[in-house]
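The following report describes one protein chain, shown below with its sequence and coordinates.

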Amino acid sequence: MAIALAACTSVSPDAPGLEPIPGSITYGGQPRTRLTKAPIGSPVNHQFRNEFGQRVEERYVIQPDRSLKLVTRRVYRGWPFSDD
């Protein structure tokens, strides 16, 4: 069980220093387009591959000003727990 949990890492919303990385929606600033129809507080999920080829899952929350706040990130470390 411990090995399975070690296969991925996640960062909680309370963890300081959760910053966008290359591939994140907010890397380099907020996107130009705003999510105007989604309710405030709605989650937005985003998946991409990082520079090491690892799958990254991020979750954002829509703020009252329609910006996106990065709240969690999970990095899947790969073999033997790879999903592809």
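## Strand pairing

Val 44 has Tyr 60 in E3 as its bridge partner. In this predicted model, strand E2 (residues 43-49) and strand E3 (residues 55-62) are paired in the antiparallel sense, with 7 bridges. Two strands are taken as paired if DSSP finds at least two bridges between them. E2 and E3 form a hairpin with 5 residues between them, and Gly 53 in the turn has a positive phi of about 85°.

E3 also pairs in the antiparallel sense with strand E4 (residues 68-76), over 8 bridges. Within E4, Lys 69 stands opposite Val 61. The hairpin of E3 and E4 has 5 residues between the strands, and Arg 66 there takes a positive phi near 75°.

## Basis of the model

Residue numbers start from 1 along each chain as its sequence is written, and side-chain values use heavy atoms, with hydrogens and water left out. The model is predicted: local features need pLDDT of at least 70, side-chain atom pairs count only at pLDDT 80 or more, and totals for chains, interfaces and linings use all residues.

## Overall composition

The chain has 1 helix and 4 strands, and its elements run α-β-β-β-β from the N terminus on. Helices (H or I, at least four residues) and strands (E, at least two) are DSSP runs, numbered from the N terminus. Of the 84 residues of the chain, 26% count as buried; buried means under 20% relative accessible area, exposed over 50%, and partly exposed in between (1.4 Å probe, protein chains only).

Among contacts (heavy atoms within 4.5 Å) with a separation of 6 or more, 49% are accounted for by residues 24 or more positions apart.

## Nonpolar core and a charge over a ring

The largest nonpolar core has 6 residues in all: Leu 18, Val 44, Tyr 60, Ile 62, Leu 68 and Leu 70. E3 and E4 are the elements that give two or more residues to this core. Such a core is a set of buried Ala, Val, Leu, Ile, Met, Phe, Trp, Tyr and Cys residues joined through side-chain atoms within 4.5 Å. In soluble globular proteins, nonpolar side chains tend to be buried together.

The charged end of Arg 55 sits over the ring of Tyr 76, at 3.9 Å from the ring centre. This description requires NZ of Lys or CZ of Arg within 6 Å of the ring centre and within 35 degrees of the ring normal.

## The loop between E1 and E2

Thr 26 is found in the loop between E1 and E2. At 9% relative accessibility, Thr 26 counts as buried. Leaving aside neighbours within four places in sequence, Thr 26 is in contact with Pro 20, Pro 31, Tyr 60 and Leu 68. Tyr 60 and Leu 68 are also members of the nonpolar core.

Gly 41 lies in the loop between strand E1 (8-11) and E2. Gly 41 counts as partly exposed because its relative accessibility is 42%. Beyond neighbours within four places in sequence, Gly 41 is in contact with Val 61 and Ile 62. The C-alpha atoms of Gly 41 and Leu 68 are separated by 9.6 Å, and the two residues are 27 residues apart along the chain.

## Confidence

The mean pLDDT (the predictor's confidence in each residue, from 0 to 100) of the chain is 82, and 73% of residues reach 70 or more. Over residues 1-6, pLDDT stays under 50, and the model has 3 contacts beyond four places in sequence for this segment. Over residues 11-15, pLDDT likewise stays under 50, with 7 contacts beyond four places in sequence. Where pLDDT is low, the predicted coordinates should not be read in detail.
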